[in-house]
Every structure is written in structure tokens, then in C-alpha cells.
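Q: I have this one open and want to go through it piece by piece. Can you take my questions as they come?

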Amino acid sequence: MKATAKKPATYADLSALPSHLVGEIIEGELVASPRPAFDHAITSSALGGALVGPFQFGRGGPGGWWIVDEPELHLGRDVLVPDLAGWRRTRMPKPPRAAFLTLAPDWVCEVLSPSTAATDRVRKKHIYAREKVEYVWLLDPVAQTLEVHRLQDGRWVECGAFSGDARIRVEPFEEVELELGTLWLPPEDEEPASTP
């Protein structure tokens, strides 16, 4: 029996997905994932909020970055949607007025979930390395961990792994201290902190 080659996914296939799914084209395959769970969304939003002030607007930090939630990246034939991505303004002085970007970011953050962790850790990291993305952060809201990887000679090198409520300064945003504990939902048996 002769095997037939599978036709690579197209952007039309991606556009035809229902709006409640996040679609990507990875190595020619259409990959559809449900919208993130609330703990995933909280973690991503909290990290974006912690970085935008100092690194995009220069409030309490050096500025010089564009930090974006869920940008659509067209990288060769692959279409990826990281949870967060950042571009140094020296490489992208003005963001394009388009629905997607073709310039690979300098930094991406993938917030891991059970349905996407393997793809984020392996397939997408290979594409990010090919496109010379300098840093990949992997955040796990369930395990409450952050792994930081830097591209060096085409390979990922771990710069650090952190957990819980650690206070850290880490590449490429080491100018400002990040409180990991602010990124996680409190345990179910703990009351959330109230604001005055």
C-alpha cells in the first residue's frame, strides 16, 4: 500500500478555526489549542504587567522594548503564537501596523499547560532557535516555576530555574527585580491578598 504525503497546513486552514481555539502552524502541521485556563492567563498577564512598565514605558526601568501578548509570528512557513514576546527597539524601532509580525522577537515566554507543554518545550523551541530568538522563558503556573534559556551558538543554554516566591533578576530583564510569587494564583485554601 502506497503512503500518501500529508498536505501542509495553510493560513486558510488556520483562519477557518473557531474563535475559541488558538491556532498555529508548526512544521507544516495545523496545531489548535483551547484558550488558556484561568491560572495560565493570570500568570501571563501578571508577567506582562511586571515587564511593560519598566521595559516598554521606562517606568522604574530602562525602557527600550516592545512587550506584546500573544503576537502572531510568521517565521518562514511556521505561524506561532507565544504567550508573550518582546522586541528590542534597536531592532524594531516602530512596530508594524499589521495583524502579524515577520521579525522574530528577541525574547519569548511560553506559559506551559498540560496540553501545550511538549510542543512549547520541543517543537516551538527548535523554531525559535532556527529564527535566532535570543531568550525563551518557560513558565509553569501549576508547578510555579520559571526556566530561562539563552541561545548560544545555535543551542539553548539554561541560565537559571526558579520557583515559588523567589525574587530574581534574570536575563534579558535583569535591571528590575521580578517577584515570582506575584505571578501565581494563591492556593485554593488561601484567601487572595486584598488591596486597600
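Q: Leaving aside neighbours within four places in sequence, which residues is Arg150 in contact with?
A: Arg150 is in contact with Glu134, Tyr135, Arg155, Trp156, Val157, Cys159 and Glu171 once those neighbours are left out. Bear in mind that this is a predicted model.

Q: Where is Arg150 placed?
A: Arg150 is in strand E9, which covers residues 145-152.

Q: And why does Arg150 count as partly exposed?
A: The relative accessible area of Arg150 is 23%, so it is partly exposed, as that class lies between 20% and 50%.

Q: You listed Glu171. What is the peptide bond from Glu171 to Pro172, cis or trans?
A: That bond is cis, and its omega is near -5°. Pro172 belongs to the loop between E11 and E12.

Q: Is Asp153 buried or exposed?
A: Asp153 is exposed, at 76% relative accessible area.

Q: What about Glu27, what is its phi?
A: Glu27 also is not a glycine and has a positive phi of about 55°. Glu27 sits in the loop between E1 and E2.

Q: Switching to aromatics. How many aromatic pairs does the structure hold?
A: There are five aromatic pairs. In one of them, the ring centres of Trp137 and Phe173 are 5.7 Å apart and the planes stand at 85°, so this pair is edge-to-face.

Q: Where in the chain do Trp137 and Phe173 lie?
A: Trp137 is in strand E8 (residues 135-140), and Phe173 is in the loop between strand E11 (167-168) and strand E12 (178-179). The two are 36 residues apart, and the pair links distant parts of the chain.

Q: Is Trp137 buried or exposed?
A: Trp137 is buried, at 1% relative accessibility. Phe173 is buried too, at 2%.

Q: Which residues do ring pairs link into a cluster?
A: Phe55, Trp65, Trp107, Trp137 and Phe173 are linked into a cluster by ring pairs.

Q: And what sits over the ring of Trp66?
A: The charged end of Arg89 does, 3.6 Å from the ring centre.

Q: Pockets next. How much space lies in the largest pocket?
A: The largest pocket holds about 260 Å³. Its lining has 21 residues, and Val22, Ser33, Pro34, Asp83 and Thr116 lie nearest the centre. Strand E1 (21-26), strand E2 (29-34), strand E7 (107-111) and helix H3 (117-130) each give two or more residues to that lining.

Q: How does that lining split by class?
A: The lining of the largest pocket has eight nonpolar, six polar and seven charged residues.

Q: Back to Ser33. Which residues does it touch, not counting those up to four places away in sequence?
A: Ser33 touches His20, Leu21, Val22 and Thr116. Ser33 is in strand E2 and counts as buried, at 13% relative accessibility.

Q: How much space is in the second largest pocket?
A: About 170 Å³. Of the 13 residues lining the second largest pocket, Val68, Pro71, Pro95, Pro96 and Leu101 are closest to its centre.

Q: Which strand gives the most to the lining of the second largest pocket?
A: Strand E3 (residues 65-69) does, with three residues. By class, the lining of the second largest pocket has 11 nonpolar, one polar and one charged residues.

Key
Residues numbered from 1 in each chain as written. Predicted model: local features only at pLDDT ≥ 70, side-chain atom pairs only at ≥ 80, totals over all residues. Heavy atoms only, no water. 1 Å grid on protein atoms, 1.4 Å probe; cavity = no way out; pocket = protein on both sides within 12 Å on 5 of 7 lines; lining within 4 Å. Points joined across faces, edges and corners; volume = space filled by probe spheres on them. Helix = DSSP H or I, 4+ residues; strand = E, 2+ residues; numbered from the N terminus. Nonpolar A, V, L, I, M, F, W, Y, C, P; charged D, E, K, R; others polar. Buried < 20%, exposed > 50% of the residue type's maximum accessible area, 1.4 Å probe, protein only. Contact = heavy atoms within 4.5 Å. Phe/Tyr/Trp six-rings, centres within 6.5 Å; stacked < 30°, edge-to-face > 60°. Lys NZ or Arg CZ within 6 Å of the ring centre and 35° of its normal.
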